[in-house]
Amino acid sequence: EEVDWGVGDFVIFGSLLVAAGVTFELVVRKTGDWAYRCAVGLAIAAAFILVWVNGAVGIIGNEQNDANMMYGGVLGIGIIARLRPGAMARALCATAVAQALVGVIAVSAGLGSAGPIWPWGIVLMTAFFTALWLVSAGLFQKAAGQDTNRIDAGA
């Protein structure tokens with residue numbers, strides 16, 4: 001009764017799922033490095049969950065709260081490194097910082113304060129996503145230091 005999804009919602013969710021799966025498959029085919037594969041998988045999963053949660057219920061207030069648009073900037077940072085392990089490690093560290101900043105801005109400005117679990121919902125979601133970005137960054141850093149089957153440790 002609380003879930004009110006229409007056909008468009010299922011199409012969007014399905015499209016996100018297919019895009020995440022295809023992206024993962026294409027990227028991991030380029031390397032046999034387990035750290036790189038795990039890093040890519042974790043980053044894609046984090047991005048997928050962030051978009052899904054934000055679109056379905058919102059993190060700052062509800063899904064219609066314009067403050068949730070700040071998370072688009074968080075995702076944009078991770079895209080700039082073009083999948084090179086060293087650059088991805090740095091980009092995902094920056095992504096984690098951006099994620100934390102969005103949480104700090106939201107709580108300090110009282111954004112979404114009408115929600116029933118404010119501010120703890122924002123704090124917990126911020127900590128969760130920040131941790132995912134940092135773990136993925138660590139795995140990319142490990143992949144950058146390996147000598148075999150890497151895509152490109154440069155950057």
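Guide: The questions that follow set values from this predicted model against the definitions behind the words.

Visitor: How do you know how confident the predictor is in this chain?

Guide: The confidence score, pLDDT, runs from 0 to 100. The mean pLDDT of the protein chain is 89, and 92% of its residues reach 70 or more. Over residues 147-155, however, pLDDT stays under 50. For residues 147-155 the model has 20 contacts beyond four places in sequence.

Visitor: What makes the pair Glu 25 and Arg 29 a salt bridge?

Guide: The term requires a side-chain nitrogen of Lys or Arg within 4 Å of a carboxyl oxygen of Asp or Glu. In Glu 25 and Arg 29 the closest N and O atoms are 2.9 Å apart, and therefore the pair meets the definition. The structure holds one salt bridge.

Visitor: Why is Arg 29 called exposed, and why is Glu 25 called partly exposed?

Guide: Exposed means over 50% relative accessible area, buried means under 20%, and partly exposed lies in between. Arg 29 has 62%, so Arg 29 is exposed. Glu 25 has 37%, so Glu 25 is partly exposed.

Visitor: Why does Trp 52 count as partly exposed, and where is Trp 52 placed?

Guide: Trp 52 has a relative accessibility of 35%, which falls between the limits of 20% and 50%, and therefore Trp 52 counts as partly exposed. Its place is in helix α2, residues 34-56. Trp 52 also belongs to a nonpolar surface patch with Trp 5 and Phe 10. Together these residues have about 310 Å² of accessible area.

Visitor: How do you know that the span of helix α4 is close to the expected one?

Guide: Helix α4, residues 85-108, has 24 residues. The expected span is 1.5 Å times one less than the number of residues. For α4 the expected value is 34 Å, and the helix reaches 34 Å from its first C-alpha to its last.

Visitor: What makes the bond between Trp 118 and Pro 119 worth a remark?

Guide: The peptide bond that joins Trp 118 and Pro 119 is cis, with omega about 0 degrees. Most peptide bonds are trans. Pro 119 lies in the loop between α4 and α5.

Key: Residues are numbered from 1 along each chain as its sequence is written. This is a predicted model: local features need pLDDT of at least 70, side-chain atom pairs count only at pLDDT 80 or more; totals for chains, interfaces and linings use all residues. Side-chain values use heavy atoms; hydrogens and water are left out. Patches are made of residues with over 30% relative accessible area and no salt bridge: like charges are joined within 9 Å, nonpolar side chains (Val, Leu, Ile, Met, Phe, Trp, Tyr) within 5 Å. Accessible areas come from the Shrake-Rupley method with a 1.4 Å probe; for residues, only the protein chains shown count as cover. Helices (H or I, at least four residues) and strands (E, at least two) are DSSP runs, numbered from the N terminus. Buried means under 20% relative accessible area, exposed over 50%, partly exposed in between (1.4 Å probe, protein chains only). Contact means heavy atoms within 4.5 Å.
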